[in-house]
Amino acid sequence: MQAPASSSLSPFPVARRVSGFTYAIRNIVAEAKKVEAAGRAVKYLNIGVPIPFGFKTPPHLIDAVDRAMRDGHNGYTPSPGIAPAREAVAKDFTDRGMPVSADRVLLTSGTSEGIELAIGALVDTDDEVLVPVPTYPLYTAVLAKIGAKTVYYRTDPDRGWQPDLDHLRSLITPRTRVLVLIDPNNPTGAVYPRETRLALLEIADQHNLVILSDEVYGDLAYTGSLPPLASLNPDAAVIAFSSMSKAYVAPGWRAGWMAVGRTPRLDDALAAIKKLADGRLCSPGPMQYAITAALTGDRSYQQQFRTELELRAKLTASRMNAIPGMRCVMPQGAFYAMPQLKLPAGKTDEDFVLGLLRETGVLVVYGSGFGADPADGTFRIVYLAPPHELSAIYDDIATFTARFLATA
Ligand SMILES: Cc1ncc(COP(=O)(O)O)c(C=O)c1O
């Protein structure tokens, strides 16, 4: 056989849709690896995962998975998930004020898969989806992949990163299908008050929009667990998402769930979501057994977790606000803060973040990775590290910021 002509060795082209799919939280790690290769240790404050910072998966959840595997539950499960866990999720939502039956619950590979299934079921190519800016970037990435349009509605740092409702209303067109809410919010740490939640429900109702309610941090609001959005109106067109990744400290298990609101107007959406879910067979089986344990067993560790997080939130906001040129809204939940630096003309958030990484080894994510304007000077800190480590990191950020502003 003849050797192939060199032209046939050129790289295979990849699909165009990939170019619109960006996820800065992980993409920026390539830069961090270069810094490490050059001999500088990197402090990773880019990914919201509690485990490397010493937070532990509760033992009764590990026991449940262990038991499930040893009992032979290692096959595929029904595609929407095992019945006892779906029932536990339905009961949990119902107890918290969103009445839903188990047949409207699906178990998913994390919140992420639920989001992708719901968008896949509801949004056509060229349809529009309202997404908060700054946003958790999975939404825009999935929309780019299916050729739908992200329409950003502003959230306002001058009002604690609350949504700008007038701006949101002004963006609605006949092609708008879905309104995405993330509450408590990643990347800003905002928690929306009841009036805002009611107003968002009303806007969605007036304009026939389905709300995708990302409640993955719902148990990590510092005032205590938040009620699900749909508890304010159980008949609203809301699909709620959560998982064991954050408040149950098991992100690698990919154990999540979604609940489709009880309104019959969502029956077709539910059927479409189930149809799409059939194609991926099931979410990880043994981990589904931990969902029942998580939702029916001891949850007192969450109180301790919230206390630890609030301590770090206060430290972060006060240290960032003490840096000349920087301001930071105090987060009300989750483990993210979004400080904002008044940038010198011509500089971008990426200039700041990459400079910080290269000079100090501190890795945060630039706000434009969450859809923000690069000139806004925002960046996201994950503040899960122990306070004394955070404090040393914040010294580095303060020193670097002064240098960055002085030499710009
Ligand atoms: C707002 C938000 N939604 C969804 C996810 C994905 O979580 P999961 O691990 O449940 O897929 C994350 C992860 O950081 C998140 O911050």
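Modeller: A term is needed at the outset: a cavity is a set of grid points where a 1.4 Å probe fits but cannot get out, and its lining residues have an atom within 4 Å of a point. Please also keep in mind that this is a predicted model.

Colleague: Which residues line the second largest cavity?

Modeller: The lining of the second largest cavity is made up of Leu181, Asp183, Arg197, Ser213, Asp214, Glu215 and Leu229. By class, that lining has two nonpolar, one polar and four charged residues. The space in the second largest cavity comes to about 40 Å³.

Colleague: How many cavities of 30 Å³ or more are there?

Modeller: The count is two cavities of 30 Å³ or more. The largest cavity holds about 160 Å³ of space. It is lined by 16 residues, and those closest to its centre are Phe93, Arg96, Glu215, Asp219 and Ser242.

Colleague: And how does the lining of the largest cavity divide by class?

Modeller: The lining of the largest cavity has eight nonpolar, two polar and six charged residues. Glu215 is named in the lining of the largest cavity and also in that of the second largest cavity.

Colleague: What about the second largest pocket: which residues lie nearest its centre?

Modeller: Arg154, Thr155, Pro157, Trp161 and Asp376 lie nearest the centre of the second largest pocket, among the 15 residues that line it. The volume of this pocket is about 230 Å³. Strand 4 (residues 149–156) supplies the largest share of its lining, three residues. The lining divides into six nonpolar, three polar and six charged residues.

Colleague: Now the ligand. How many residues surround it, and which are the closest?

Modeller: The ligand is surrounded by 14 residues, and the closest are Ser112, Asn186, Asp214, Tyr217 and Ser245. Ser112 is also one of the residues closest to the centre of the largest pocket, and Asp214 also lines the second largest cavity.

Colleague: Which side chain has an N or O atom 2.6 Å from an oxygen atom of the ligand?

Modeller: That side chain belongs to Tyr217. For Asn186, an N or O atom of the side chain is 2.7 Å from an oxygen atom of the ligand. The side chain of Ser243 likewise has an N or O atom 2.7 Å from a ligand oxygen atom.

Colleague: I would also like to look at some single residues. Is Thr316 buried or exposed?

Modeller: Thr316 has a relative accessible area of 0%, so it counts as buried, the cut-off for which is under 20%. Thr316 lies in helix 11 (residues 301–321).

Colleague: What does Thr316 touch, leaving out residues up to four places away in sequence?

Modeller: On that basis Thr316 touches Ala337, Ile381, Tyr383 and Tyr394. With Tyr394 there is also a polar contact between the two side chains, at 2.8 Å.

Colleague: And where is Asp103?

Modeller: Asp103 is in the loop between helix 4 (83–95) and strand 2 (105–108). Asp103 counts as partly exposed because its relative accessibility is 42%, and that class lies between 20% and 50%. Its side chain makes a polar contact of 2.5 Å with the side chain of Ser101. Leaving aside neighbours within four places in sequence, Asp103 is in contact with Arg86, Leu270 and Lys274. The C-alpha atoms of Asp103 and Pro80 are separated by 8.7 Å, and the two residues are 23 residues apart along the chain.

Colleague: Last one: is Asn46 buried or exposed?

Modeller: Asn46 counts as buried, at 2% relative accessibility. Asn46 is found in the loop between strand 1 (43–44) and helix 3 (59–70). Residues up to four places away in sequence not counted, Asn46 touches Ile25, Ile28, Val29, Leu363, Val365, Arg380 and Val382.

Technical notes
Residues are numbered from 1 along each chain as its sequence is written. This is a predicted model: local features need pLDDT of at least 70, side-chain atom pairs count only at pLDDT 80 or more; totals for chains, interfaces and linings use all residues. Side-chain values use heavy atoms; hydrogens and water are left out. Helices (H or I, at least four residues) and strands (E, at least two) are DSSP runs, numbered from the N terminus. Buried means under 20% relative accessible area, exposed over 50%, partly exposed in between (1.4 Å probe, protein chains only). A polar contact is a pair of N or O atoms within 3.5 Å; within protein, one must be able to donate a hydrogen and the other to accept it, and residues adjacent in sequence count only if both atoms are side-chain atoms. Contact means heavy atoms within 4.5 Å. On a 1 Å grid over the protein atoms alone, a cavity is a set of points where a 1.4 Å probe fits but cannot get out, and a pocket is an open set with protein on both sides within 12 Å along at least five of seven lines; lining residues have an atom within 4 Å of a point. Grid points are joined across faces, edges and corners, and a volume is the space filled by probe spheres set on the points. Ala, Val, Leu, Ile, Met, Phe, Trp, Tyr, Cys and Pro count as nonpolar, Asp, Glu, Lys and Arg as charged, and the others, Gly among them, as polar. A residue is near a molecule or strand if one of its heavy atoms lies within 4 Å of it.
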